[in-house]
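Hi,

Here's the structure I said I'd pass along.

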Amino acid sequence: MLTEAEPELRLVLNCTRTATITGASPEPPTRDGTPDWDRVVELARYHGVVQLLYEGLEAMARKCGDDFTVPEAVLTRLSSIVQGKQMRNLAFTTELQQILKRFEARGVRAIPFKGPALSAAAYDDATVREYNDLDLLVHPEDIPVAADILEERGYEWHGGTPRLDDAALLGGPVTKAIVHEYEMRGPDFDVELRWRVGDAERPFSIPFSELWDHRDTVSVGGQPLPALAQPDRLLVLAFHGTKHRWYLLKWLCDFVAALESTEADWPHVLARARETGVERNLLLGAALAHSVFGYSLPAPILDRLRTDSRVSELVEDVVESLAAGTPEAPTKFEATRFYLTASDSMTALVPFLLLYSPLHPTYSEYQFYPLPGPLHPLYYVIWPLRLLLETPQWRRQSSEKQLDEPT
């Protein structure tokens, strides 16, 4: 488990492993001095695993007795953080229930795929996983109604320009969507309405309609809510982690917890992953679970890993990055290169290049001149005109900035 990492990160890993894997027992801490507890808490907060750290520390203290003690001030600090997050998550859970109730009444097809739903499905507790907003997958046809419902509840679209015609923002069969999600800001919560997993340049190939047809239910706060089917949940988590280069432990913990809670026909899951172009993503998540947490993998996964040498190279890349302990996200170039390397086929490069953002109109065009949906293709005409008009202004601002810079 990241033997080259600093002791504080190894302690975080030890605790999260214990809290995530059923029956896992904490490994006795090494006797290489007292850990820097401020650093331990800092790493756990950055990686989004404070609650798992706290749970693991309690298990370690029970097992080790006097051989391992956590300062009372540290426990008090962690307990305060955990209680605050749990209360916040309970409020998120109630809000999610209310939103989905109104969606159902208006015929909106929606699946909560992270937040409380994922926490309940993977950890059997809606308050364990850390999240800052509610992520909802919504059928593309239902996005306008879903946004209307949220606005009726006091949410505002974080865009700066009114939603005059959603069709103009969602794009069409031959045009790229101007936005890939609706960020709705409320007085207490934020909600992201998505009509796909990933984005246009890095899309998850299973369409919403198929995810909806295969959907399951999960009890969230005592109320059954729609959820991704177990195999689809694994594929989505593997895709999401790979898209972000697995730089946060939270995503790996989610994947391992989902593995723990999945009763699957693994040959079928692998076949579905292969059909949808995310088999290497799935294998990578599994290999990281084994490498970082020592997780025991199903035989079909192990057999397939032996035939894919690229996965081991990707695992080394992630493990090296995690062990470095640098609290910063990968650059867009690094994340893109990793995503393409982890793709099943280099054909993934084709949509990435064709849908590369600088080659298409953006939200700036919509702000510049809102158009009705049927006229969305005209943004490809407005786009170069806007750039042409803004170029002199950009050059002037750049020149003024250079003059203002100290020499």
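Let's start in the sheet: R185 has D190 in β5 as its bridge partner. Before going further, keep in mind that this is a predicted model.

Strands β4 (residues 181-185) and β5 (residues 190-194) pair antiparallel, with five bridges between them, and a hairpin of four residues connects β4 to β5. β3 and β4 are antiparallel too, joined by two bridges.

Zooming out, these strands belong to an open, five-stranded sheet with mixed pairing, in the order β1-β2-β5-β4-β3. The edges are β1 (110-112) and β3 (156-157); each has a single partner strand, so one side of each has no neighbour in the sheet.

Now the charged pairs. The salt bridge count comes to 24. One of them is R129 with D254, where the closest N and O atoms are 2.6 Å apart. R129 is in the loop between α5 (115-123) and β2 (134-138), while D254 is in helix α10 (residues 249-261), so this pair ties together parts 125 residues apart in sequence. Are the two partners buried or exposed? R129 is buried, at 6% relative accessible area, and D254 is buried as well, at 2%.

R163 is another one to click on. It forms a salt bridge with D148, closest N and O atoms 3.1 Å apart, and one with D166 at 2.9 Å. D148 lies in helix α6 (residues 143-152) and R163 in the loop between β3 and α7 (166-170), so that pair links parts 15 residues apart in sequence. D148 is partly exposed, with a relative accessible area of 31%, whereas R163 is buried at 15%. D166 and R163 are both buried. Through shared partners, salt bridges join D148, E151, R163 and D166 into one network.

On to the nonpolar side. The largest nonpolar core has 91 residues, and L2, L57, F204, W246, F255, L284 and L288 are those with the most contacts inside it. Apart from that core there is another, of 43 residues, including L100, L136, Y155 and W157. If you select L57 and ignore its neighbours within four places in sequence, you'll find it in contact with L11, C15, W37, F68, V70 and L78.

Finally, the surface: L375, L378, V381 and L385 make up a nonpolar patch there, with about 340 Å² of accessible area together. V381 is in helix α18 (residues 379-404).

Cheers

Definitions and conventions:
Residues numbered from 1 in each chain as written. Predicted model: local features only at pLDDT ≥ 70, side-chain atom pairs only at ≥ 80, totals over all residues. Heavy atoms only, no water. Patch = residues over 30% accessible without salt bridge, like charges linked within 9 Å, V, L, I, M, F, W, Y side chains within 5 Å. Areas by Shrake-Rupley, 256 points an atom, 1.4 Å probe, with all protein chains shown as cover. Salt bridge = Lys/Arg side-chain N within 4 Å of Asp/Glu carboxyl O. Core = buried A, V, L, I, M, F, W, Y, C linked by side-chain atoms within 4.5 Å. Buried < 20%, exposed > 50% of the residue type's maximum accessible area, 1.4 Å probe, protein only. Contact = heavy atoms within 4.5 Å. Pairing = 2+ DSSP bridges.
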